[in-house]
Amino acid sequence: MNDPSTSRTPDVYLATMPATLVAKRCALATCIVLFGGFFALVPFARVPLPRIEAFIPIYDSTFALNNLLTAGGLAVGFRRSRLFAVLVLAGGYLFTSLIALPHMVTFPGLLSSTGLLGAGPQTSAWLDAFRHGAFPVFVIYYALLKRRGTASAQSQADVRARARLAAVGAIAGVTFLTLLATAGQQLLPQIVNDGNYTTTMVAVSVPVLLLSFIALAVLGSRRQHSALDLWMMVVLCAWAFDVTLSTVINTGRFDIGFYSGRLYGMFAASVVPIVLIVEAARLYGQLDEARAISEERNAELARSREELAQAQRLEAIGQLTGGVAHDFNNLLTVVIGNLDLISGARGDWEKIERLAQSAMKAAQRGEHLVRQLLTYARRQINHPQTVNLNQLITNIENLMHRVIGEQIEVVSMLSPVLAPVRIDQAQFETAILNLVINSRDAMAGGGRITIETQNVTVDRQQVAADPEVIPGPYVMVAVSDAGAGMTPAVLARAFDPFFTTKEVGKGSGLGLSQVYGFAKTAGGYVKIYSELGIGTTVKLYLPQSSDWPILLKTSVETASLQSASGRETILVVEDDEDVLAVTAESLRELGYQVVTAVNAAQALEILKGDQPIDLLFSDVIIPGGTNGAQLAVTARHVRPDLKVLLTSGYTAAALSLEHGLPDNLNVVGKPYQRDELAKKLRLAIAE
Ligand SMILES: Nc1ncnc2c1ncn2[C@@H]1O[C@H](COP(=O)(O)OP(=O)(O)OP(=O)(O)O)[C@@H](O)[C@H]1O
Ligand SMILES: [Mg+2]
């Protein structure tokens, strides 16, 4: 077999496929056998034999059927190759197939004494002569067309029209010649007399025989032979032997020449169907091989894709880990440095305060980083609510102005009929802030940021490139600027965590990662349109919700709870001793009585006792096979009025699924600051 990577698609049509050496040898051997048979028969051609009634019907119907099959096979070949030459040959085979029928029914003494269709004694002989003479003419035409090159149909419609024309032509030809041999028989010279051929027969047969030789010569004189050319030459040999035996050298009907000539004719009619079948079998074999190769290649391709994906995953993990390590190292350096200085400050309260604040700032930056990362990884606490985004955007307008400064104007174009969406408010606010900060950074000389909201319907066409996006109604929030824009290379990586073009200390490259993670968590997606020197628009698409939006509390209402403190008793469950110590300390400072437990069993033991406990404050992930949520449920069996507040540092969006966390439990994310904790505790106790 050829090397599959270098071989072209093989030529699969008989008419264009070059004849192989094996085929040439087979054809030659066949011709030699035909020739041998012919020479052996010549001396006996005139020996009379009895009339076999079944011979003519068997001969004609076999002949008609074989030629019809060949015509069909060639017509298919024409449809594929569109070569007119092939169509001409198909027409020739159809003609010889059809003319066998009138030949059979007009044969004297078969269906009636003179033959049907108003036939005379020599009608069938003439039809036979027409058949033998016409076929080589079709072959000559075929060979000439092939010689002229690649005359072919232009379109499928052209193919159909030409095929129809050829069929109609063949039928018309047969009809005309049948009429001539029946109704017009007086016009034709007498070639049969009482079952024997007249001398005129020789005058008719010799030109007919010559036509076969001419066809053979025209075909044979081509320099290169296709498989079809080769086998047509074999057909013509058999054809010429048929004519010679059955009409030139014999005496008339039912002698050895008559019978054996027709057997040659039958053989001629069988050659092309046999070749078609053999070729089809060979092509099936090739198809099988090709399929096996393509399956193997597909498997190989899938393997290398998998390997590439694995390599990319590893690279992404490396980049992420490197980024986290770098940023946290910096932050820890600040925290450790300040704490070092604090421990050496020895009562200089002013200095301690200053250092503590510096450490706190670094730690808060760390907290911010972690939140961004968690949102990107979609493992942030997700507390979705149905809201109207216009209201959220209006609520954070002041904050935005504070963050981006005086030089930049923020214009909101909010749709008055905006549909509600179900999202986590805090994450949305962070995402919008990340976007406006990016826009601010892109407009060094000041400018305008536009925030636009709009209901949109996303159709299948728009998201064809992204199979994860579901078509449907969305709320679109677009943040646009007329800033520096991004190069295609920056655009391609903009969502990557820790990808930043900003100088060290200015950006951590997590802003857009958070936006991306937020949109995905909310069931939506983000698109960036950016052009260098012109500006950038980031569009957030969030699925519309059919629920009613909740009414959001104003910042004044929430502020009143900010520094609340209480006198109740809190049971703290936390397995990390350091965290437990800090938490207990903070709670005591907020005025609460504190009882501690390091696992669920210990906590339950305390709850079963008679010590008054107002609130259970537990980590979600605690050792001992019971998580915080399960502990809360069990605890409420023991003390039905117990209030619960859970906390977690690593809390998946699917926390409720992973840890069986009921929706109505209060959760505060780690790390929390005292004010936030105080607020959540008051809310939980007041429930
Ligand atoms: N509006 C914008 N105009 C021009 N470039 C932008 C814009 N938004 C993002 N970029 C480019 O994409 C990069 C990644 O943005 P991303 O918000 O993720 O990180 P960052 O802004 O560099 O850092 P961080 O947001 O974490 O402080 C930016 O560094 C910047 O090059
Ligand atoms: Mg940013």
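Biologist: In E13, which residue is the bridge partner of Asp619?
Modeller: Let us start with the two strands, since helices (H or I, at least four residues) and strands (E, at least two) are DSSP runs numbered from the N terminus. Strand E12 (residues 615-619) is joined to E13 by five bridges, and the two run parallel. Two strands count as a pair if DSSP finds at least two bridges between them. Asp619 has its bridge partner in E13, and that residue is Thr647.

Biologist: Which pLDDT do local features need in this predicted model?
Modeller: Residues are numbered from 1 along each chain as its sequence is written, while chains are lettered from A and ligands numbered from 1 in the order in which they are written. This is a predicted model, in which totals for chains, interfaces and linings use all residues, side-chain atom pairs count only at pLDDT 80 or more, and local features need a pLDDT of at least 70.

Biologist: Why is one side of E11 and of E14 left without a neighbour in the sheet?
Modeller: Look at the open sheet of five strands, whose order is E11-E10-E12-E13-E14, with parallel pairing. E11 and E14 stand at its edges, so one side of each is left without a neighbour, because each has a single partner strand.

Biologist: By what angle are neighbouring strands of this sheet turned against each other on average?
Modeller: Axes are lines fitted to C-alpha atoms (for helices over the stretch in contact), and angles run from 0 to 180 degrees between N-to-C directions. For neighbouring strands here the direction is ignored, and the average turn is 25°.

Biologist: What angle does the direction of H18 make with that of E12?
Modeller: H18 packs on the sheet and touches strand E10 (569-573), E12 and E13. A contact requires C-beta atoms, placed from the backbone, within 7 Å of each other. Between the directions of H18 and E12, the angle is about 160°.

Biologist: How many of the residues of strand E13 are buried?
Modeller: Buried means that 20 or more other C-beta atoms lie within 10 Å of a residue's own, exposed means 12 or fewer, and partly exposed is in between, with C-beta atoms placed from the backbone. Both faces of E13 are covered, with Lys643, Leu645 and Thr647 on one side and Val644, Leu646 and Ser648 on the other. For this strand (residues 643-648), the count is six of six.

Biologist: Why does Val598 count as partly exposed?
Modeller: Val598 is in the loop between strand E11 (593-597) and helix H17 (600-608). Beyond four places in sequence, Val598 touches Asp575 and Leu580. Val598 counts as partly exposed because its C-beta neighbours inside 10 Å number 17.

Biologist: Which helix gives the most residues to the shell around ligand 1?
Modeller: The ligand is surrounded by 23 residues, the closest being Asn438, Ala442, Thr500, Gly507 and Gly511. A residue is near a molecule or strand if its C-beta atom, placed from the backbone, lies within 6 Å of it. Two elements give two or more residues, helix H14 (511-521) and H12. With four residues, the one that gives the most is H12.

Biologist: How many of the residues of H14 are buried?
Modeller: Among the buried residues are Gly511, Tyr516 and Phe518. They pack against helix H9 (349-376), H12, E8 and E9. H14 has 11 residues, and the number buried is 10.

Notes: Two residues are in contact if their C-beta atoms, placed from the backbone, lie within 7 Å.
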